[in-house]
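Student: I would be grateful for a close look at a single part of this model, followed by a connected account of what surrounds it.

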Amino acid sequence: MTADPAGAVADAHRREWAAVLAATVRVTRDLDLAEECVQEAYAQALTAWRDGVPARPGAWLTTAARRRALDLHRRAAVAERALPLLVVDEVAPEPAGDAGQPDDLLALLFTCCHPALTAEARVALTLRLLGGLSTPEIARAFLVSEPTMAARLTRAKKKIAAAGVPFRVPGPDELPRRLGGVLAVVHLVLTAGHTAPTGTGLVRHDLLDRAHDLARLLRSRFPADADVAGLLALVLLTDARRATRVDADGALVLLADQDRSRWDAAMIEEGRALVRAALTARPVSRYAVLAAVAAVHAEAPSLEETDWAEIVGLYDVVLARWPSPVVALNRAVAVGFADGPEAGLAALDELADEPRLAGYGYLAAARGELLRRTGRHREAREAIGEAVLLTGNDVERELLAGRLAALG
Amino acid sequence: MGRYLILLYEDEASWAAVGQEETEAILTAHRRFGEAHGDVLRGGGWLHPTATATSVRGPDDGANADAPGFAAGVDALVTDGPYVETKEALGGFYLVEVPDLDSALALAREVPAPFGGVEVRPLRET
């Protein structure tokens with residue numbers, strides 16, 4: 001008999017939520033109803049598991065959620081529903097109590113990331129339905145109010161039902177085009193988790209964990225795809241540093257000062273192997289190249305001994321095919337290490353008029369750091385002061401304020 | 001199965017400027033589209049330009065919510081021109097019946113629309 005049913009339920013929520021929901025959607029053919037049934041199944045588990053946690057919690061939860069769904073289906077309320085049912089392909093009946101087919105999970109992911117939805121809605125739906133995050137948690141991750149996020153989710157779910165967005169993994173004709181959209185969503189979850197755009201903590205562990213799970217799910221289903229391998233590598237190599245990016249007091253620790261012996265060696269090893277394989281694919285995968293940058297950092301014994309020339313070269317590859325002001329900024333910072341701060345500043349100057357970087361705090365912060373290294377302290381203070389005003393993350397703001405103070 | 005209206009929005013000025021040969025080529029493309037997808041097409045049409053449109057609004061500035069039968073009625077305001085003036089105007093439509101949005105979008109990708117684009121709208125089933 002377990003001493004902690006609540007702990008077991010919380011654990012099952014973290015591990016099984018998406019699979020249970022995906023299997024339930026197949027029965028309800030309605031996203032809201034499925035969510036309701038799954039939430040009730042978890043509530044039931046809190047009581048039922050006091051007498052012992054089932055051997056397969058996911059299967060138990062799926063059975064409970066589906067039973068609830070079938071109950072509700074028999075009631076008139078469902079028959080009088082205003083919205084059409086989700087388009088679900090018929091499949092061979094599954095063994096009773098199975099905790100969801102992996103393809104149900106993928107179908108749910110492709111539904112959430114459908115191009116007929118806005119990019120914002122895709123991320124929000126993915127975090128809600130596959131990540132099991134609450135509306136306030138998602139709202140906080142993307143700098144919008146709770147009512148705004150709730151409205152965004154409701155609108156997206158209504159469109160899925162009314163417009164007939166299917167609950168399905170796209171066929172081979174469409175898959176390459178659609179997979180890119182799914183990967184973009186996972187990448188966004190990764191970046192939002194790595195440095196939270198707002199709030200008191202630098203890292204959003206929930207978002208990073210979800211990015212990890214989603215990248216693994218995609219990798220298990222598309223093992224030959226270089227973009228998928230590259231993205232999983234990027235997740236692993238980024239996440240390997242998680243424990244060292246803030247100190248015991250929650251203050252930001254820069255790459256230069258991180259205790260590299262505490263980086264997760266297993267994740268780095270797996271990430272590097274994935275990068276090596278993914279980089280051989282042609283056409284070259286953007287995620288694989290970005291992961292290669294992370295791999296160069298992971299392999300370096302210290303910031304000074306990092307192969308910065310290699311990093312500049314990798315960013316050049318990315319920029320040649322996928323021009324992006326943010327990547328150009330990262331390249332300029334790498335140039336500052338490879339060829340000295342003056343060269344870095346020259347590279348940054350080319351970005352000064354880039355409208356998409358206006359209001360982007362990292363540009364001012366990078367400029368300030370390069371100016372400090374050239375000894376131009378007055379200009380450095382101005383730039384870092386600007387960066388302080390532009391960041392929404394408390395931990396970043398504190399670090400910048402500390403630098404400002406050090407400049408006198 | 002669901003029904004979708006594929007609405008063709010195109011620049012009328014460009015349509016007015018094309019010669020006979022090009023018009024023929026575009027119409028041929030539409031005929032080919034119709035032949036290729038006859039099994040799911042439930043209707044379609046090519047509209048005269050908005051210069052031929054006549055709009056009918058209720059006397060109360062288009063608000064018919066309180067009118068009998070919710071209609072504009074005999075006192076309707078009848079005016080020359082389209083209901084909304086836009087650069088790209090509704091110029092034609094296809095009605096299709098397909099299993100889901102993905103199938104509708106696959107068709108929409110093939111609709112000839114040289115001077116604009118198309119919008120896919122699901123029909124409410126009442």
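In which loop of chain A is R29(A) found?

Tutor: R29(A) is found in the loop of chain A between helix α1 (5–28) and helix α2 (31–48). Most residues other than glycine have a negative phi, and most peptide bonds are trans.

F70(B) belongs to the loop between β3 (54–57) and β4 (77–80) of chain B. Its relative accessibility is 62%, so F70(B) counts as exposed.

A further backbone feature returns us to chain A. The peptide bond between R282(A) and P283(A) is cis, with omega about -5°. P283(A) sits in the loop that runs between α12 (265–278) and α13 (286–299) of chain A. Helix α13 also holds H297(A). With a relative accessible area of 11%, H297(A) is buried. Its contacts, apart from neighbours within four places in sequence, are L255(A), R260(A), W263(A), T306(A), W308(A) and I311(A).

The confidence of the prediction should be kept in view. Chain A averages a pLDDT of 89, and 94% of its residues score at least 70. Over residues 95–100 of chain A, however, pLDDT stays under 50, and for this stretch the model has 11 contacts beyond four places in sequence. Where pLDDT is low, the predicted coordinates should not be read in detail.

Chain B can be described by its elements. It contains 3 helices and 6 strands, which follow one another from the N terminus in the order β-α-α-β-β-β-β-α-β. Its C-alpha trace spans about 45 × 40 × 20 Å along the principal axes. Of the 126 residues in chain B, 32% are buried. Among contacts in chain B with a separation of 6 or more, 79% involve residues 24 or more positions apart.

The two chains also meet. At their interface, 8 residues of chain B are in contact with 12 residues of chain A. The size of an interface is often given as the accessible area lost when the parts come together. Here chain B and chain A bury about 740 Å² between them, with 47% of that area on carbon and sulfur atoms. On the side of chain B, the residues that lose the most area to chain A are D100(B), L101(B) and D102(B), which together account for 60% of what that side buries.

The rule finds 2 salt bridges across it. R178(A) forms a salt bridge with D102(B), and the closest N and O atoms are 3.6 Å apart. Helix α3 (residues 101–108) of chain B supplies 3 residues, the largest share of the side that touches chain A. By class, that side of chain B has 5 nonpolar, no polar and 3 charged residues.

Conventions
Residues are numbered from 1 along each chain as its sequence is written. Chains are lettered from A and ligands numbered from 1 in the order in which they are written. This is a predicted model: local features need pLDDT of at least 70, side-chain atom pairs count only at pLDDT 80 or more; totals for chains, interfaces and linings use all residues. Side-chain values use heavy atoms; hydrogens and water are left out. Contact means heavy atoms within 4.5 Å. Buried area is the accessible area (1.4 Å probe) that two parts lose on being put together, summed over both. A salt bridge is a side-chain nitrogen of Lys or Arg within 4 Å of a carboxyl oxygen of Asp or Glu. Helices (H or I, at least four residues) and strands (E, at least two) are DSSP runs, numbered from the N terminus. Ala, Val, Leu, Ile, Met, Phe, Trp, Tyr, Cys and Pro count as nonpolar, Asp, Glu, Lys and Arg as charged, and the others, Gly among them, as polar. pLDDT is the predictor's confidence in each residue, from 0 to 100. Buried means under 20% relative accessible area, exposed over 50%, partly exposed in between (1.4 Å probe, protein chains only).
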